[in-house]
Amino acid sequence: MADSISEVTKVLKFVKETGIKFIDFKFMDFPGQWQHFTVPESELTEDSFKDGFGFDGSSLRGWKNIQESDMLIIPDPKTMFVDKFIAAPTLSLICDVYEPATREKYTRCPRNIAQKAEAYLKSTGIADTAYFGPEAEFFVFDDVRYKTTPNSSFYAVDSSEGQWNTGREESPNLGYKPRYKEGYFPVPPTDALMDLRNQMVLNLIEAGIQVEAQHHEVASGGQCEIDLRYQSLLIAADQLLQFKYIVKNTAKAFNKTVTYMPKPIFGDNGSGMHVHVSLWKKGNPLFAGSGYAGLSEEALYFIGGILKHANSLIAFTNPTTNSFKRLVPGFEAPVNLAYSQMNRSAAIRIPMYSNSPKSKRVEFRCPDPTANPYLAFSAIMMAGLDGIMNRLEPGEPLDKDIYDLPPEELKNVPSTPESLKAALEALADDHEYLLKGDVFTEDVIRTWIDYKMEREVKPFSLRPHPYEFELYYDV
């Protein structure tokens, strides 16, 4: 409690000394998007961190009905950062969501699920910390247009970098545009986004986020990546949301737009979010050992858990219909459920950049950046812990190029689900591992499945696709 009071004092002192005028409260809705509301700085007191602020929970996706709509947010003082994208001096605080009647954390609040996941990890005695390092790729576009009506549908994205614009009149067109699948990673002027990414990095650092590297990614048309320093589960999820917010708003300041949609361009690489995971106990790494690729027995069992539960896990790590436009063979997408050292065509890779035990980790390559990080990171950890507890062997590693395997070998390698519907059906059948420690609840699982089916899968399946006109209009 003393630490919490100290953090609260630090926030109030910062507000007073720096001339902050507004406090912006940010919190996560059920599907995975930040929401917010703002109060004048005079409304923030020491009691605010105990009493919280009320809001209407019925207006948020996947949450309350109208007859039970009152809810509370209570800010976490450890999460403050200055929001430089607002004209008036504004301090942002990430919040937890509470039931006002019981003063208990709301079970569908994704941040609460991540907090319960960390508590469950400690309760197992296996480890006390799970570190996560997400690599969220994104596209930077100059223009995006889309519309769906009962009798029409279209989308169009454009980028000055797009290879498709080599013949466009640009007065003048200078011709430096990355070729398809060759954006990783030529120097400027072919890489036209260097200054923008540098500004994104500077803004991230100013917000207290440690950045390791930035670069152009494989696809033409503005695909980028900025790598963050690994953090414990909850902090990694908090920072990933800050990251997306800062990257989008920095791009907007440059009159550009960013999307984390996995597959906005046909025929080129999509955006993934490779997630690096390791378990630690009392400051010691648990994944280093004398097994395959320098892994410990615990690490191999952790991999076994992810592979066993991958189909249901993907309902959280790849939670959109567009996610499965990326999870197809031929675009470096990890559709085959296998593990390997260095091999990027496997769903799970063991990076071999360093021999240090502290750097030994598992990289799960299936996820994409549309995932709600609180839910995705928690589910990944729960699957891995289930593997350790039940000593699930991951099978033999696959150190060959999976895409070049002969059919008789490939048929023995299991694949990821082919659609969001299939992943949700897998989650309905396989989620006991998520319920341990009351981390996820049956209500959370059922609400997630129902929400995704009713709001995304079914509406998507009812609409004609423009390509269907090319295939079928003249039949």
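In which loop does Pro189 lie? Pro189 is found in the loop between S9 and H4, with helices (H or I, at least four residues) and strands (E, at least two) taken as DSSP runs numbered from the N terminus.

## Basis of the model

This is a predicted model, in which local features need pLDDT of at least 70 and side-chain atom pairs count only at pLDDT 80 or more, while totals for chains, interfaces and linings use all residues. Residues are numbered from 1 along each chain as its sequence is written, and side-chain values use heavy atoms, with hydrogens and water left out.

## Overall form

The chain contains 13 helices and 18 strands. Its radius of gyration is 23 Å, close to the 23 Å that the globule rule gives for 475 residues, so the chain is as compact as a globular protein of that length. The radius is taken over C-alpha atoms, and the rule is 2.2 Å times the number of residues to the power 0.38.

Along its principal axes, the C-alpha trace spans about 65 × 60 × 50 Å. Of the 475 residues, 52% count as buried; buried means under 20% relative accessible area, exposed over 50%, and partly exposed in between (1.4 Å probe, protein chains only).

The bond from Ser171 to Pro172 is cis, with omega near 0°. The bond from Pro188 to Pro189 is also cis, with omega near 10°.

## Residues with positive phi

Asn255, although not a glycine, has a positive phi of about 60°. Asn255 sits in the loop between helix H5 (233-253) and strand S13 (257-259), and at 67% relative accessibility it counts as exposed.

Asp438 is likewise not a glycine and has a positive phi, near 60°. The loop between helix H11 (432-435) and helix H12 (442-462) contains Asp438, which counts as partly exposed at 45% relative accessibility.

## Pro285 and its contacts

Pro285 belongs to strand S15 (residues 284-285) and, at 22% relative accessibility, counts as partly exposed. Leaving aside neighbours within four places in sequence, Pro285 is in contact with Leu279, Trp280, Pro357 and Lys358, where contact means heavy atoms within 4.5 Å. The C-alpha atoms of Pro285 and Ser92, 193 residues apart along the chain, are separated by 33 Å.
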